[in-house]
Amino acid sequence: LDTMYPIVQTDNELIQRYINGDENSLNLLLNKHQRKIFSFILMRVKDRALSEDIFQDTFFKVIDSLRNGKYNEEGKFLPWVMMIANNLCMDHFRRIKRMPIIVDSDGKDILNVLRFADESREDEIIKQQTSKTVKELVEKLPADQKEVLILRHYADLSFKEIADATGV
């Protein structure tokens, strides 16, 4: 066990050590949060390679901010990083000008309604129309409201996590 690093270190302790020149502290900080941040990005963009690029860009911005003294030490490192990741995801979607397909754990578009064997053709048409209407209404939401809807209902973040990630 490395005696230089106590077992439990706060994010702010690791940040301060990194700012003071300890590169390993950044690795510890990254390892501590990478799974949650990467999963968040992957849920937003639905593409592993793109998620890896955005994750890497996120930490380039984090490193740049830390090196330039732009991080305000408030004990909210993870929400700050999530906000950076979220902004980079939004930048990606602005560039390609489309809404991400939101899928459930089986990889199916969550806004598609399930079809049951005993449904009539009329029921199927009603459900398809309802699904289409919901998609259209989601598209019409202002970007910030659409973002909250996606983060709450599809990324399963709490309102506190959403507030921290979006700064709202």
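Which helix gives the most to the lining of the second largest pocket? The views below start there. This is a predicted model, in which local features need pLDDT of at least 70, side-chain atom pairs count only at pLDDT 80 or more, and totals for chains, interfaces and linings use all residues. Residues are numbered from 1 along each chain as its sequence is written, and side-chain values use heavy atoms, with hydrogens and water left out.

**View 1. Lining of the second largest pocket.** Helix H4 (residues 77-96) gives the most to this lining, with 3 residues. Helices here are DSSP runs (H or I, at least four residues), numbered from the N terminus. The lining is made up of Lys70, Tyr71, Asn72, Glu74, Lys76, Pro79, Trp80, Met83, Asp164 and Gly167. By type, 4 are nonpolar, 2 polar and 4 charged. Asp, Glu, Lys and Arg count as charged; Ala, Val, Leu, Ile, Met, Phe, Trp, Tyr, Cys and Pro as nonpolar; the others, Gly among them, as polar. The pocket volume is about 160 Å³. A pocket is an open set of points on a 1 Å grid over the protein atoms alone, where a 1.4 Å probe fits, with protein on both sides within 12 Å along at least five of seven lines; lining residues have an atom within 4 Å of a point. The volume is the space filled by probe spheres set on the points, which are joined across faces, edges and corners.

**View 2. A salt bridge between Lys32 and Asp11.** The structure holds 2 salt bridges (a side-chain nitrogen of Lys or Arg within 4 Å of a carboxyl oxygen of Asp or Glu). Here the N to O distance is 2.8 Å. Lys32 lies in helix H2 (residues 23-45) and Asp11 in helix H1 (residues 11-19), so the pair ties together parts 21 residues apart in sequence. Asp11 is buried, at 16% relative accessible area. Lys32 is partly exposed, at 44%. Buried means under 20%, exposed over 50%, partly exposed in between (1.4 Å probe, protein chains only).

**View 3. A salt bridge between Arg94 and Asp91.** Their side chains meet at 2.8 Å, N to O. Both residues sit in helix H4, 3 residues apart, which means about one helical turn between them. Arg94 is partly exposed, at 49%. Asp91 is also partly exposed, at 30%.

**View 4. Contacts of Val62.** Leaving aside neighbours within four places in sequence, Val62 is in contact (heavy atoms within 4.5 Å) with Phe77, Trp80, Val81 and Ile84.

Note on methods: Helix = DSSP H or I, 4+ residues; strand = E, 2+ residues; numbered from the N terminus.
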